[in-house]
Amino acid sequence: MAFLTNDKLVIVGAAGMIGSNMVQSALMMGLTSNICLYDVFSPEGVAEEMRQCGFGDVNITATTDVAEAFKDAKYIISSGGAPRKEGMTREDLLKGNCEIAEQLGKNIKQYCPDVKHVVIIFNPADLTGLVTLLYSGLKPSQVTTLAALDSTRLQSALAKKFGVMQSEVTGCATYGGHGEQMAVYGSAVKIAGRPLTDIIGTDEFPEAEWEQMKKDVTQGGAAIIKLRGRSSFQSPSYLSVEMIRSVMGGEKFRYPAGTFVNNEKYSHIMMAMDTTLDATGCHYVMPEGTAEEQAKLDASYAHLCKMRDELVTLNIVPEIAKWKEINPNL
């Protein structure tokens, strides 16, 4: 098998369902010949299963020792937080998972400061990603969060509604926070070449049905918990591996990623933007949409700021004025 790179990829939380799926996806995509499974619970069982798949010319290691895992790491994907259970929102995980993110950032700074890219997917991802970035000392372009799941949920809902292949639903994007306050953008969507804006408000797709669909998309994670009795694991693992593939120089990532934003409108926040992921990292432009969509994005930003400010109260991060002391890149 030809690999994109021989650089070391570390999967954090590899003993869990998301982590083990990430390992398998990375190997099936042929990302790297050097993959390390790290978890505080032994990931050796996952490593053994992967070896028994017969992938061939791959060095699969597993460890519970963070120094061993992170040594010489060039790429990291972390699902290493507590999962969401039925009845919980992503925000309910704020304190515990952001404390985990703080330690993750410090571990990166100590053991692999030369890492090229880190993808954070444990919830609330916008905040855990922000905390990881702050304490890692990395540049904003080097840390991204999983936000694509909301866009794929919109795409799949529209494909089911109109009876078309998902590839025929183009221009789907959700921006802002990865949570129920996300901004769902429909103005650029086309269904098999037809502008969605021409269909909304007709008998084929009444306005009320579109409003309900947007609400359902924002609650897509909760719906999976109800359907499967556990939080999503296959979709976040696959999309996060697609993200790391793009920064390894592989196929372009198709959806928005969560990225650090600090401009004249939005300050010191991590949220989904109109992003490009490539070997130079993550770069973004501001999303374009209708006045209503932009207002939703502003509201999502305000919600994220409220949670970020809560992290100051919880003593997980200092006030923003002191961030540069911890990470000069911010």
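1. Let's start with strand β1 (residues 8-12). All 5 of its 5 residues are buried, so β1 is largely enclosed by the rest of the structure. Buried here means under 20% relative accessible area, exposed means over 50%, and partly exposed lies in between (1.4 Å probe, protein chains only). Strands (E, at least two residues) and helices (H or I, at least four) are DSSP runs, numbered from the N terminus. Please keep in mind that this is a predicted model, in which local features need pLDDT of at least 70 and side-chain atom pairs count only at pLDDT 80 or more, while totals for chains, interfaces and linings use all residues. Residues are numbered from 1 along each chain as its sequence is written, and side-chain values use heavy atoms, with hydrogens and water left out.

2. Next, look at the partners of β1. Two strands pair if DSSP finds at least two bridges between them. β1 runs parallel to β4, joined by 5 bridges, and L9 stands opposite Y75 of β4. β1 also runs parallel to β2, this time over 4 bridges, with V12 and Y38 as bridge partners. In general, strands of a sheet pair through backbone hydrogen bonds, either parallel or antiparallel.

3. Follow the chain onwards from here. β1, helix α1 (residues 17-28) and β2 form a right-handed β-α-β unit. Right-handed means that, with the strands pointing away from the viewer, the path from the first strand over the helix to the second runs clockwise. From β2 the chain crosses through helix α2 (residues 44-52) to β3, and this crossover is right-handed. Strands β2 (residues 34-38) and β3 (residues 59-63) run parallel and are joined by 5 bridges; Y38 of β2 has T63 as its bridge partner in β3.

4. There is also an open sheet of 3 strands to find, in the order β7-β10-β11 with antiparallel pairing. Its edge strands are β7 (169-170) and β11, each of which pairs on one side only. Between β10 and β11 there are 2 bridges in the antiparallel sense, and I191 stands opposite R194 in β11.

5. Some backbone angles deserve a look. Most residues other than glycine have a negative phi, and most peptide bonds are trans. A192, in the loop between β10 (190-191) and β11 (194-195), has a positive phi of about 50 degrees although it is not a glycine. A192 is partly exposed, with a relative accessible area of 44%. D72 sits in the loop between α3 (66-70) and β4 (73-78); D72 is not a glycine either, yet its phi is positive, at about 65 degrees. At 48% relative accessibility, D72 is partly exposed. Finally, the peptide bond from N123 to P124 is cis, with omega near -10 degrees, and P124 lies in the loop between β5 (117-120) and α5 (125-136).

6. Now try two side chains. Is R153 buried or exposed? R153 belongs to helix α6 (residues 148-162) and counts as buried, at 12% relative accessibility. Its side chain makes a polar contact with the side chain of S232 (3.2 Å). A polar contact is a pair of N or O atoms within 3.5 Å; within protein, one must be able to donate a hydrogen and the other to accept it, and residues adjacent in sequence count only if both atoms are side-chain atoms. Q142 is in the loop between α5 and β6 (143-145) and is buried, with a relative accessible area of 16%. The side chain of Q142 reaches the backbone oxygen of V115 at 3.1 Å.

7. One more pair to locate is D274 and A295. They are 21 residues apart in sequence and 16 Å apart in space, C-alpha to C-alpha. D274 is in strand β14 (residues 274-278) and counts as partly exposed, at 33% relative accessibility.
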